[in-house]
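User: I would like a close look at one part of this protein. Keep it brisk, and finish with its setting in the whole chain.

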Amino acid sequence: MVDNFHDAERLLGLSRAYWASQVLFVAVRLELFGHLDRNGPSTAAEVASFHGADPHATHKLLDALGGLDLLSKRGDRYQNAPLASSFLVPGKEGYLGHAVHHAENLWPYWGELFRAVQTGRPTAFEVMEKSPYDYDHRLEDYLLAMRDQATLLAPAVVQALDMKGCRHLLDLGGGPGEYARAF
């Protein structure tokens with residue numbers, strides 16, 4: 001028997017973790033954070049109108065984003081919270097929206113984990129064939145995600161390694177070259 005309510009709550013939180021991911025996926029796909037960055041604090045109706053979405057559903061989505069600390073709300077107006085402003089506004093340095101898109105592209109693969117474990121056979125090719133996005137789209141998301149993450153991580157990697165005396169660097173599998181550029 002579980003003695004601790006917090007352990008049970010943690011377990012239930014794990015079972016619902018995908019809820020937050022889906023909220024994030026939709027917000028990034030709609031470029032809500034870019035809209036709020038350009039237009040300033042906006043009502044749910046204004047955001048919905050701009051995106052051609054349902055006002056009531058948009059209100060719920062924006063409230064969910066607030067619950068995830070990605071938006072803040074004053075009265076009936078929403079604006080980007082610091083985390084979203086730093087990493088989820090397209091065109092800003094540090095943008096990680098491509099990584100979010102890539103994670104969303106992987107969602108259908110994870111949805112087949114049970115079948116893969118049961119059969120012991122890979123399911124990726126079947127999932128790929130059913131994907132709403134073509135291969136080029138998924139590849140672009142992947143490459144841009146690797147670039148964006150490397151742009152954030154490369155300075156720390158460069159600082160952590162002592163490269164004094166090294167005259168050559170071979171970058172194998174480093175994505176679009178962000179680590180090589182940083183070195």
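How many Å should helix α2 (residues 17-29) span, and how far apart are its end C-alpha atoms?

Analyst: This is a predicted model. Start with the length. Helix α2 has 13 residues, and at 1.5 Å a residue these should span 18 Å. The end C-alpha atoms of α2 are 19 Å apart, which agrees with that expectation.

Next, the packing. The buried residues of α2 are Val 23, Phe 25, Ala 27 and Val 28. Buried here means under 20% relative accessible area. In an α-helix there are 3.6 residues a turn, so residues three or four places apart point the same way. Just past the end of α2, Glu 31 takes a positive phi of about 55°.

Now the setting. The protein chain holds eleven helices and three strands. From the N terminus, its elements follow the order α-α-α-β-α-α-β-β-α-α-α-α-α-α. Of the 183 residues in the chain, 27% are buried. Take contacts between residues at least 6 apart in sequence: 54% of them join residues at least 24 apart.

Finally, overall form and surface. The radius of gyration is 20 Å, whereas a compact globule of 183 residues would have one near 16 Å. The C-alpha trace spans about 60 × 45 × 45 Å along its principal axes. The chain exposes about 12400 Å², with carbon and sulfur atoms supplying 59% of that area. Its side chains include 17 positive and 23 negative ones, and the centres of these two sets lie 1 Å apart.

Definitions and conventions: Residues numbered from 1 in each chain as written. Predicted model: local features only at pLDDT ≥ 70, side-chain atom pairs only at ≥ 80, totals over all residues. Heavy atoms only, no water. Helix = DSSP H or I, 4+ residues; strand = E, 2+ residues; numbered from the N terminus. Expected span 1.5 Å × (residues − 1). Buried < 20%, exposed > 50% of the residue type's maximum accessible area, 1.4 Å probe, protein only. Rg over C-alpha atoms; globule rule 2.2 N^0.38 Å. Contact = heavy atoms within 4.5 Å. Areas by Shrake-Rupley, 256 points an atom, 1.4 Å probe, with all protein chains shown as cover. Lys, Arg positive; Asp, Glu negative; His and termini not counted. Charge placed at Lys NZ, Arg CZ, Asp CG, Glu CD.
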